[in-house]
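Here are my notes on this model, as numbered points. Please read them with the structure open.

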Amino acid sequence: MRRVTDALRRAHDDERGVVLANVLIFGTVMMLLVATMIAVSTSGAVKSASDRNFQNAMAAAYAGLADYQAKLSNDNGYALYGNSDAQFSKKTIPPSTFTGDDGNVAFTSSGSKWASVVGSTDQFFRYEVDNSEYSGKGVLRVRVTGKSGGSVRSLVANLKGDGFINYLYFTNYESSNPALTGSSCVTAYQWQTSVGGKCQAVQFAPNDVLDGPIRTNDVFTAACATTFLSAVEQHDLTVRSAGGGCSGQFKGGPASTVPYLGLPALNSNMSQETRTDIPATVPRPGCLYTGPTRVSFLGNGKMTVWSPWSKATQIKVSSSSGAVTASDDLAKAASLCGSIDALQSAAGATIPTLPANLMYVQDVPSASNNDNTWAAGTVPSKYSNTYCSTAVTVTNGKATTKANQPYSNGQGFPAAGEWINTGRSNDFRTGSVSDTYSCRAGDLFVSGGFSGAMTMAASGKVWVTGDITYGDPTKDILGLVGQNAVEIYNPAECTAYPSTRNGVDYTRCTDGGVGLLDRSRGAKLTISAAIASNAGTFWNQNYDIGPQLGTLKVVGSIAQNWRGAVATLGTTGFVKNYVYDQRLLTTAPPKFLQPVSTSYGVTTQVEVQSAYTASGSCATDAGGGCR
């Protein structure tokens, strides 16, 4: 019996050992599971924090981009602020140039200092600006880096001003300039119902096709068959009917409302681009021409320029006296703009179109301390028959005059046989306007096949005397800016004058004797350019007389203060075919006219390798240099 009891006790002891082992094994497994769960949980928390920082870093970069856009919109000159030591800025060709940093922390390019995202305690940003193509194309590139925790991310964006060049057609007023039409009407917006006697709106005709976005601070008026292929933006929602109760075919959607967009009153600030004494503001000076100037594009990247009144084509201005003198490097100016002797000659100066630059044509100045001034009674010695109300004969640079003789502005305008009316209220008015060609005005006459990238601006008018076409529509880009007008040259002639008791009165023309001199029935015209007249209009000289012409094709954009007429309904002038140059959404002609106030939109955007580390030092590339 004792043996049985001992055996049972041993068996029971053996069972306790097994249970203990099982308990130990189970406990160990449980501890391993808990440890694993803790590790996984901790790893998840770390990963979650890392993911959050990763996302926040990009959010901070976007906040930095918005901060820079806001500063640009508040101050168009902010494009000249930056940090020349930043890698993104100093690697550009040509190099980016800045007038200062405006005390903006976001321009920091080294060290631990970052700009803070408003409302956040753990998100920061920096940005670096590339303004090397700003004066040439109106485009700014900016690299923005955002930081959150240990995560750093960068993006590069291209910014372009959202101005009138973003539209195929932009107007301030939808009525014509009363100074041109001879009307006594009041300039006002068509939606200003309280204004009495306001000028009548110019309407889009039935056959007009507008292939691009259009915008006005006024409201458009259109015929039923007018075709709008893109967005229509104006003061209110309704395009007005020209008749028949309908107002066009809206292929791009109904009209929408937009805020006011201002044109600058003057383009004279563009002449600053010809100064050589302010390199920080004007690193690449263009060319200044004086008096009536004619340009013929030759289709091979060259042009011939005639500008007999020009004496200094690049200038410097004394900050103390305001004296305007020729630049120090006359050879450089002659190489770019043409020699003075050639510009004043009958052959003209044949030069390359200005590379990514601007030419400005000014009135002949009267100030005695200006190198382009001419003494009273003197004119360029190579001129003959200069139009200054009378005929001019030039001998040794001295002018003698004789009344009632053929006249010219020295550039071939007016044409032989062209009739210029007196503008008197009781006289018949060709084209409802008195056109003259002043011998001293800053007028530009231009035509031909263009190759290159250039803007042409005039303090007077830009006259389009023939087709202007691009050699390569994907690369060539041209801007035309006329202070008073960009005008299609369309001269008139008179074949019948009323008889008076003194014989024939050549100051007037009978209605039946007026016709066009330069264009025939069905004649077409093409203009490839971004066109702007900041205080004037784009229109067709003598649009309301003569036979019905062909199609006026504009490839580019048109911006004007007043609406200009190019035809009357179905009887005279051109049918419009305006096509927007889509490249103008992302670029602009060099040094083109800028709106009074501009908001800057992102045209392209891409994430790139981080430019900085979390410590604030530059991130390096494979070669060990800063990115």
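1. Threonine 221 belongs to strand 8, which covers residues 221–222. The model is predicted. Threonine 221 has a relative accessible area of 11%. The cut-off for buried is under 20%, so threonine 221 counts as buried.

2. What surrounds threonine 221? Neighbours within four places in sequence are left aside here. Its contacts then are Glu174, Ala201, Val202, Gln203, Phe204, Val239, Arg240, Ser241 and Ala242. One of these, Glu174, returns in the next point.

3. Glutamate 174 forms a salt bridge with arginine 563. The closest N and O atoms are 2.3 Å apart. The two residues sit in distant parts of the chain, 389 residues apart. Glutamate 174 is in the loop between strand 5 (169–171) and helix 4 (178–181). Arginine 563 is in the loop between strand 34 (548–560) and strand 35 (567–568). Both glutamate 174 and arginine 563 are buried.

4. Aspartate 208 and lysine 576 make another salt bridge, with 2.9 Å between the closest N and O atoms. Aspartate 208 lies in the loop between helix 4 and strand 6 (209–211), and lysine 576 lies in strand 36 (residues 572–580). The pair therefore ties together parts that are 368 residues apart in sequence. Aspartate 208 is buried, and lysine 576 is too.

5. Lysine 316 forms a salt bridge with aspartate 328, and the closest N and O atoms are 2.4 Å apart. Lysine 316 is in strand 17 (residues 315–317), while aspartate 328 is in the loop between strand 18 (324–326) and helix 5 (330–337). This pair ties together parts 12 residues apart in sequence. Aspartate 328 is exposed, at 65%.

6. For the overall tally, the structure holds 11 salt bridges. Among them are the pairs glutamate 174 with arginine 563, aspartate 208 with lysine 576, and lysine 316 with aspartate 328.

7. Five strands form an open sheet in the order 1-2-3-4-37, with antiparallel pairing. Strand 1 (115–116) and strand 37 (600–608) are at the edges. Each has a single partner strand, so one side of each has no neighbour in the sheet.

8. How many bridges join strand 4 and strand 37? There are 8, in the antiparallel sense, and strand 4 covers residues 151–161. Asparagine 158 stands opposite threonine 604 of strand 37.

Terms used: Residues numbered from 1 in each chain as written. Predicted model: local features only at pLDDT ≥ 70, side-chain atom pairs only at ≥ 80, totals over all residues. Heavy atoms only, no water. Pairing = 2+ DSSP bridges. Helix = DSSP H or I, 4+ residues; strand = E, 2+ residues; numbered from the N terminus. Buried < 20%, exposed > 50% of the residue type's maximum accessible area, 1.4 Å probe, protein only. Contact = heavy atoms within 4.5 Å. Salt bridge = Lys/Arg side-chain N within 4 Å of Asp/Glu carboxyl O.
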